[in-house]
Amino acid sequence: MAFFDYPGSGVPNPVETEITFLADLSEAEWARILKVVETRQFRAGENLIQSGDQDDAFYLLTSGEVDVLIGSEEDERIITTIAEGSVFGEIAFFDQEARTATIRARSRGSAVRITRENFETLAAWEPGIARRMLVELGRILAMRLRWTLSIAFN
Amino acid sequence: MSEFVEKPFPSYLEMPSRLPAWFWWAFRIATIGVMLVVAWLIATKPEIGFAVFWKVLIPSLPLLFALAPGIWRQICPMALANQLPRTFGFSQDWTLPVRFKNLAYFVSVLAFFFLVSLRHVYFNKEPAALLILIFGALGLALLGGLLFKGRSGWCGTFCPLAPIQKAYGHAPLFTVRNGYCPTCVGCQKNCYDFNPRAAFMSDLTDNDLWYAGHKKFFVAGLPGFAIAFFTADDPNQTGLAPYYLHLTGWIITTLGLYMAARIFIRVSDYAAAAVSAMAALVIFYWFTADGIVSTVAQMLGMTSPSWIKYPIVATIALVAVRVLVNGIRAEKDFLTFKAPSGEPRVRVQVDAVRAGGADATGDLVTDRASGRSFAADPGRTLLDGIESAGLTQDFGCRMGMCGADPIAIVEGMENLSPPNDDELATLRRLGLEGRARMACVCNAAAGPVTIDLEIDPNELPEPPPPADQVDLGEETGIQRVVIIGNGTSGMAAADEIRRMSTSCKIDVVARENHLFYNRMAVGRLLYGRTGLEDLYLMAPDWYEKHDITMWLNTQATAIDREACQVTLGTGETLPYDRLVLAMGSSAFVPPAEGADLPGCFVLREAADVQAIRAHRQEHGVERAVVLGGGVLGIEAADALRRVNLKTTIVHRSDSLMNRELDERGAAILRHFLEELGVDVVTGASVAAIKGNSRVEAIELTNGETLPAGIFVSCAGVSANTDLAGAAGLTVGRGVVVDAQMKTSDDKIFAVGDVAELPGEVRGLWGVGTSQAAVAAAAMFGKEIAYKAPSTLVSLKMDGIDVKGFGSLETEKGGEEIMDAVESDTLHRRIVIDNGQIKGAVFVGPPGSGKHITQAVQKQADVTGIVDRLRKGDWDALSEV
């Protein structure tokens with residue numbers, strides 16, 4: 001919220017904060033994606049992503065809830081909770097750098113896990129879907145960057 | 001939520017006008033009137049004038065600022081002067097340049113400091129100076145209003161009273177609607193008139209630390225300035241230097257205290273600033289309360305008691321605390337509302353994804369060490385599940401035969417699909433019967449399962465003693481067996497022989513310096529984190545437990561058939577009762593010019609991979625050419641691609657894997673490879689390998705030249721028959737054997753790639769192990785009818801399923817069934833003869849070929865489902 005949203009003073013429009021990832025894909029197209037990517041099942045307490053790991057997958061949380069934790073093992077803090085239906089982990093998918101947070105399941109659930117290698121395979125089988133996926137991931141990054149900028153310079 | 005929470009920081013546009021506009025105009029005019037009267041008093045009766053101005057009017061302002069600064073901002077004579085041009089429409093309405101906006105706070109703070117400090121010097125006693133000050137300020141305010149738009153010419157920018165208003169009035173107890181701006185023109189940053197409750201907080205939390213720092217500096221120095229001002233000696237007596245030293249000394253003292261407090265006490269910038277400002281307020285009244293009361297009393301002809309200061313200061317302190325509480329409460333809301341309204345969220349249409357196959361219900365298979373789980377899915381192998389869970393598991397043939405991927409079943413063995421004969425044989429060989437399964441062929445059928453990916457040999461039961469069995473070695477007198485070669489067939493032979501005889505001495509001579517390892521996976525040594533130890537197929541103590549003597553890194557140089565002994569490169573000799581030749585084959589290197597240049601490789605053994613890695617790193621190679629578009633060539637190209645070598649496959653035939661696939665299947669495979677960045681040249685071979693001191697380019701027979709620093713030949717293999725030939729055994733393309741795997745010498749057997757059995761496919765795991773079993777039995781006089789295993793050729797590459805099996809010929813009978821509609825991504829074709837699958841081709845996305853694989857491996861009777869297959873119902877294969 002801006003406190004000084006002077007009328008007509010060009011305060012930027014509110015940042016878009018919700019994206020539906022690949023909203024126009026049909027079930028059949030999802031089935032084709034799922035052939036080449038990984039589906040993780042997990043239990044409560046299981047780590048999907050471990051801070052510091054080099055793992056270049058992004059995740060679609062198809063069921064369950066997960067916590068995002070930062071800090072050392074002795075001093076972990078939950079910074080947020082991710083709900084069913086969210087997409088996360090896309091930064092390391094692109095830059096392949098070490099994970100900065102741990103993702104730990106709060107409940108039993110499942111996630112679709114898409115690594116870079118999976119993506120290359122998908123691109124080979126389904127270039128159209130892969131292209132759309134890439135643009136969507138770009139859109140997610142752009143949205144999150146805009147949000148970050150809006151915090152940094154608000 | 002209450003309305004307050006929704007809008008705790010209303011802008012003036014959102015505030016109600018409690019009093020009509022005419023009232024404020026009347027008030028303003030009255031204020032001007034008072035001011036003119038005071039000015040007249042200063043000019044004519046300075047004593048009264050000064051007392052009223054400095055002892056009553058000015059000292060009452062700080063309290064007003066703390067309680068309801070908006071009142072002052074409505075009635076301030078300077079504000080009126082500033083807003084006159086705007087109200088009557090003769091302002092230039094210029095936008096104050098950004099430079100001046102940035103400078104304004106400096107100017108106003110400096111002006112505040114000097115004007116206040118000069119009270120002791122001029123303004124407290126010289127009427128002319130004070131009048132100049134008053135009217136000068138009015139004039140400047142008017143000038144600001146004439147030139148600049150909104151309130152940017154004075155009130156919010158240069159006015160020396162603005163900083164102190166914001167400091168004392170940082171959390172006003174009462175707000176008053178700004179009556180000057182009919183519309184907001186957005187003339188300044190964090191405008192105090194626009195949003196009085198949020199302005200100071202916004203200043204302090206501004207991301208521009210320089211901007212926020214000015215405000216902190218001012219409030220931090222304010223208490224010191226107040227103390228210093230009231231405790232200073234008269235500068236007219238002491239001189240200006242000690243006076244200003246006194247002032248700045250105190251300012252620096254409270255600045256320092258503020259900074260120290262900020263370091264040691266964990267409070268927000270806002271809270272610290274608010275405390276400092278309120279301290280200044282209390283200090284101010286500590287020194288002025290007496291003066292105010294006594295002056296007013298004097299005017300009324302009364303005297304004030306000497307203790308009156310204390311209740312006044314106490315009241316002021318209460319007000320200060322009230323303002324502090326008000327502000328710190330508001331800060332919480334401020335921070336909540338300042339945060340962008342909601343973290344970005346990315347949604348995925350869960351229903352669509354789940355319908356596509358990602359389901360979370362059902363039982364799980366769990367890896368005990370990592371705690372990771374995957375769905376217990378009867379339609380998928382444990383290996384596929386393990387990989388889907390992001391766990392790494394070494395694998396080999398994916399047929400349950402090589403023994404690369406045993407996993408211990410901690411719990412839920414009964415929930416797994418029953419093992420077939422191949423798998424049982426492998427488990428037996430590994431000594432893992434009953435506790436482990438081969439991940440690649442075992443499906444989690446029903447119910448939860450817990451697994452261990454790493455099998456701890458110490459936890460395993462000892463191999464069952466063959467006590468009830470006859471020791472065939474003892475019975476037949478065969479007590480010394482030498483095996484040359486420790487690959488698949490050689491080690492299978494050792495294992496089989498040991499099963500038949502515990503007394504027989506078994507020596508295995510191995511050219512390589514490694515224990516039996518998964519040669520199919522050497523490509524993985526090129527990329528990934530696999531080390532050679534991970535590829536060992538038998539635990540190191542297996543050899544000891546089975547009493548098998550390994551001669552690693554040792555060449556067999558001659559076979560003396562007369563003396564029945566093998567001469568080793570070390571000079572030693574190994575006598576034998578029976579000899580098994582399992583030397584395998586070597587990659588064929590085309591006899592092209594330059595094939596001996598550094599950079600020319602084959603890819604069969606661990607040493608080859610190490611050489612390729614070293615060459616690539618040493619010379620910074622970027623491009624590679626693989627000769628051969630068969631299974632090995634494509635797997636090699638995939639490995640090279642994964643280490644970011646731009647790779648081209650050169651294949652003599654017109655289509656890839658032409659022995660196993662048809663044209664359609666090959667076309668899909670080729671397209672897939674090309675999508676991954678692997679180029680494919682078909683209908684060509686290598687004409688010459690060019691380069692000065694190492695490989696630089698590959699000249700093809702079609703005239704093309706491909707730049708490449710690495711050349712890998714995967715263009716077929718030739719049996720290692722030199723030793724056998726020198727010993728006088730009958731040798732054709734391989735060492736010729738009969739159906740018992742016996743060579744032309746009764747005491748010598750040949751198995752695996754080195755053997756030549758008419759009509760047999762080379763290079764397959766199952767063939768080598770089956771032949772080893774036949775040879776071992778025959779050695780002890782037991783004839784097993786050798787039956788070629790039903791083995792698919794499968795491309796071991798992530799991201800694609802490619803299977804080929806048998807023959808697609810239908811001329812001598814048989815029915816062909818294939819996908820009616822050509823697809824770019826899926827090709828299935830099988831030939832059925834007498835209810836058996838005789839030939840098959842499958843190319844498609846990963847995992848989709850498993851039904852065909854299973855049906856072929858089971859050698860299932862498909863008569864019952866032929867109709868369904870004809871209609872394109874390929875899933876029917878899962879039911880046979």
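Residues are numbered from 1 along each chain as its sequence is written, and chains are lettered from A and ligands numbered from 1 in the order in which they are written. In this predicted model, local features need pLDDT of at least 70 and side-chain atom pairs count only at pLDDT 80 or more, while totals for chains, interfaces and linings use all residues; side-chain values use heavy atoms, with hydrogens and water left out.

**View 1. A nonpolar surface patch of chain B.** Phe100(B), Leu103(B), Phe106(B), Val107(B) and Trp210(B) make a patch of about 460 Å². Areas come from the Shrake-Rupley method with a 1.4 Å probe, and for residues only the protein chains shown count as cover. Helix α6 (residues 98-117) of chain B supplies the largest share, 4 residues. Helices (H or I, at least four residues) and strands (E, at least two) are DSSP runs numbered from the N terminus. Leu103(B), in helix α6, is partly exposed because its relative accessibility is 43%; this class lies between buried (under 20% relative accessible area) and exposed (over 50%), with a 1.4 Å probe and protein chains only.

**View 2. An open sheet of 3 strands in chain B.** The strand order is β10-β11-β12, with antiparallel pairing. β10 (556-560) and β12 (573-575) of chain B are edge strands with a single partner each, so one side of each has no neighbour in the sheet. On average, neighbouring strands are turned by 20° against each other, direction ignored. Two strands pair if DSSP finds at least two bridges between them; β10(B) and β11 (residues 565-568) of chain B are joined over 4 bridges. Ala558(B) stands opposite Thr567(B) in β11(B).

**View 3. Helix α20 (residues 488-500) of chain B.** Helix α20(B) is largely enclosed by the rest of the structure, because 11 of its 13 residues are buried. Among them are Met491(B), Asp495(B) and Arg498(B).

**View 4. Asn190(B), with a positive phi.** Phi of Asn190(B), a residue other than glycine, is near 45°. Asn190(B) lies in the loop between α9 (162-168) and α10 (196-204) of chain B and is buried, with a relative accessible area of 8%.

How values were computed
Patch = residues over 30% accessible without salt bridge, like charges linked within 9 Å, V, L, I, M, F, W, Y side chains within 5 Å. Salt bridge = Lys/Arg side-chain N within 4 Å of Asp/Glu carboxyl O. Axes fitted to C-alpha atoms, helices over the stretch in contact; angles between N-to-C directions. Expected span 1.5 Å × (residues − 1).
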